[in-house]
Amino acid sequence: MRLSQMLWVTLREDPSEAEIKSHKLLLRGGYIRRITSGVYAYMPLMWRVLQKISWIVRAEMDATGAQECLLPQVQPAELWQESGRWETYTKAEGIMFSLTDRSNHKLGLGPTHEEVITAIARDMIRSYRQLPLNLYQLQTKFRDEIRPRFGLMRGREFIMKDSYSFHSSEASLKETYSVMDQAYCNIFNRCGLKFRAVDADSGAIGGSGSQEFMVLADAGEDDVLYTDDGKYAANVEKAISLASDLVPSAFTEYQKLLTPNTETIAKLAEVLKCSATQILKNVLYEVTYDSGITVLVLVSIRGDQEVNEVKLQNELVKVAENYQGKAVLALKVPDPESQKAWSSQPLPLGYIPPNLDDAYIAKNPRVNSKFLRLVDQTAVDLKDFVTGADVANYHVVGANWEKEFPLPKLVVDVRKAKAGDRSVHDPTQTLQTARGIEVGHIFQLGTKYSKAMGATYTNENGEEVPLIMGCYGLGVSRLAQAAVEQSYDKDGIIWNVAIAPYHVIICVPNVKDSAQMAVAERLLTELNQAGIETILDDRDERAGVKFKDADLVGIPFRIVTGRSLAEGKVEVVNRATKEANNIAIEQVVDSLLAEIFPK
RNA sequence: CGGGAUGUAGCGCAGUGGUAGCGCGCCUGCUUUGGGAGCAGGAUGUCGUAGGUUCAAUCCCUAUCAUCCCGACCA
């Protein structure tokens, strides 16, 4: 390929729309163009990178015995209604693009493919003899994200590898799950990424065990907690830890104290000269179920701890049937405006007790007449604690469960683990924190979808039972940008050889010098014939421009057919190290073969 | 969905109640040819869109659309 014939435009300055380095570099390097929010065109260089990653993914997936297929992007609402996800994926914060066809049928653009694959499995898998089975596809996914951002990091249209496995036993599922775990590690290693596998929440996809693969980078959207011994790593959404020790309370007598201007725990602890661990914090949430019922949730938790909303949401899903629902549509901390909508009188914000009276909300038909009261495990052990007095500017001290306040019946773990906490597996280890970009997520789904959609097979005993499933996702386009986020310098991108759009770029300092061009043409042919993907910068530009552009796009090796030609040599420069060597023209191919495909 | 910001040439940005400019890029010519060259000449704009105020609006007002950022943050 010759650059003079390629549609390729680099930018000197950072586009104002980009915030993080990888996004700026991909735009400046002419790799991507934004078409609308969260939707990008992949230009020729980008497409080569994506293809490289795709081939690595295919190779590793095929090696596990998985089979590639291609499922439809246009999916009927009926399938999603069967699984129970149509509502949660299209209403409220739902992320599925949905549409209606000419005959008034509802359709959705596939954000994921559990429904489609389960429908196929239901039709095609009849016997345990066909199991286990693992199908995968590489395809564009559509998700109407609440807030697309950072270029390919969170797009509304993106490329994903997803696979789905089917089993006749939990043991078989776990075996494939662990094979996928290994395959993912192989993929990320081959792409040259620094990553970490972490315990994860399974979210709306559902199921039991799940693990995320995080590319470590400060621009990542996820917080990862881990221990230095390498034995524990988890997404903060899922992470567990030991809470700090409870400081015994000095308040032995129950009394009500005037505590003005202590709406926050920090101020209260300062005024009362007590530890935040002795305070019982009562946090109000507003949850809306898919049944349309809104419930006000009062979470009591130790003052020094915070609520993990993902864990809280999982608890709320467990009790959804009490409110005729199956799923949570929205969960939020109500702001003063929405409080007005349902409270009969102003709430004593900052001074709320765990037994906040249902009378505040009982008269409003728009919300459930009673608070749903939850208490976090950490708060159950509190003695002689401090909490709100249900009146502005007053707190009570020396309070106890079942004496002044009834202990809520629902005891849950909704505590957010944080850096510095002691680890559960080894209390001498403390949790460290890092930012990560989620590029892969593997799940043990179990029978959630097969049961909902009636995907069964006949087992050894002649019984008809639901298929046991696993699913495994990998963000191809996100991985590409994550690789950039992890590997660049002041001059531009530094691609790993395995996923670089080309291995080598030949820069001709002066295209009007026929000797330079002749050598460049010869090397272009020889290198490509040797399997080294090479591009020739034959544009009529000055050398400096070509060097800047070559650095910006990050091709791993640069050949310069310049002044060293006098000695029958060309200069070979390593993009990552900037190391330059003059190598005899005849030896260039062998030398680069050794660098690019080391034994 | 809430909050904030921005829409002016391909990109980055100025600017003004009297019909618009800078840098880079682009085109032509000459010179130059190892780290985004120099000189000379040139082209490019419904000033996001729609209303309103005004003798006059890119500028002021209203609405709308788009894009980006922050938040779904704890009593």
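A residue is taken as buried when its relative accessible area is under 20%, as exposed when that area is over 50%, and as partly exposed in between. In the predicted model described here, strand β15, which spans residues 294–302, is mostly covered by this criterion, since nine of its nine residues are buried. The strand has two partners. With β14 it runs antiparallel and is joined by nine bridges, and within this pairing Asn-282 has Ser-300 of β15 as its bridge partner. The two strands form a hairpin in which four residues lie between them, and Gly-292 in the turn has a positive phi of about 95°. With strand β17 (residues 372–376), β15 instead runs parallel and is joined by four bridges, Val-297 having Leu-372 of β17 as its bridge partner.

Strand β14 also takes part in the second largest pocket of the model, where it gives the most to the lining, with six residues. This pocket holds about 460 Å³ of space and is lined by 24 residues, among which Glu-263, Lys-281, Asn-282, Val-283 and Gly-350 lie nearest its centre. The elements that give two or more residues to the lining are α7 (265–272), β14 (280–289) and β18 (385–388). By residue class, the lining divides into 13 nonpolar, eight polar and three charged residues.

In one of them, the rings of Tyr-184 and Phe-213 have their centres 5.3 Å apart and their planes at 50°, so that the pair is classed as tilted. Because Tyr-184 lies in helix α6 (residues 170–190) and Phe-213 in strand β10, this pair ties together parts that are 29 residues apart in sequence. Both Tyr-184 and Phe-213 are buried. Tyr-289 and Tyr-323 form an aromatic pair that is stacked, with 5.4 Å from centre to centre and 15° between the planes. Here Tyr-289 lies in strand β14 and Tyr-323 in the loop between α8 (309–318) and β16 (328–332), so the pair ties together parts that are 34 residues apart in sequence. Both tyrosines, Tyr-289 and Tyr-323, are buried. Tyr-184 and Phe-213 also belong to a cluster, in which ring pairs link them with Phe-188 and Phe-195.

The structure holds 33 salt bridges. One of these is formed by Glu-221 and Arg-154, whose closest N and O atoms are 3.0 Å apart. This pair links distant parts of the chain, with Glu-221 in the loop between β10 (210–216) and β11 (222–226) and Arg-154 in the loop between β7 (133–142) and β8 (157–167), 67 residues apart. Glu-221 counts as partly exposed because its relative accessibility is 24%, and Arg-154 counts as partly exposed because its relative accessibility is 23%. Both residues also belong to a network of salt bridges in which Glu-145, Arg-149, Arg-154 and Glu-221 are linked.

In another salt bridge, the side chains of Arg-373 and Asp-358 meet at 3.0 Å, N to O. The two residues are 15 residues apart, with Arg-373 in strand β17 and Asp-358 in the loop between α9 (336–342) and α10 (359–362). With 21% relative accessibility, Arg-373 counts as partly exposed. The side chains of Arg-539 and Asp-549 likewise meet in a salt bridge, at 3.1 Å, N to O. Since Arg-539 lies in the loop between β28 (534–537) and α15 (543–553) and Asp-549 in helix α15, this pair ties together parts that are ten residues apart in sequence. Both Arg-539 and Asp-549 are buried.

Helix α1 (residues 21–28) is largely enclosed by the rest of the structure, because seven of its eight residues are buried. The buried residues of α1 are Ser-22, His-23, Lys-24, Leu-25, Leu-26, Leu-27 and Arg-28. The helix is followed by Gly-30, whose phi is positive, near 75°.

Methods:
Residues numbered from 1 in each chain as written. Chains lettered and ligands numbered in written order. Predicted model: local features only at pLDDT ≥ 70, side-chain atom pairs only at ≥ 80, totals over all residues. Heavy atoms only, no water. 1 Å grid on protein atoms, 1.4 Å probe; cavity = no way out; pocket = protein on both sides within 12 Å on 5 of 7 lines; lining within 4 Å. Points joined across faces, edges and corners; volume = space filled by probe spheres on them. Nonpolar A, V, L, I, M, F, W, Y, C, P; charged D, E, K, R; others polar. Buried < 20%, exposed > 50% of the residue type's maximum accessible area, 1.4 Å probe, protein only. Pairing = 2+ DSSP bridges. Salt bridge = Lys/Arg side-chain N within 4 Å of Asp/Glu carboxyl O. Phe/Tyr/Trp six-rings, centres within 6.5 Å; stacked < 30°, edge-to-face > 60°.
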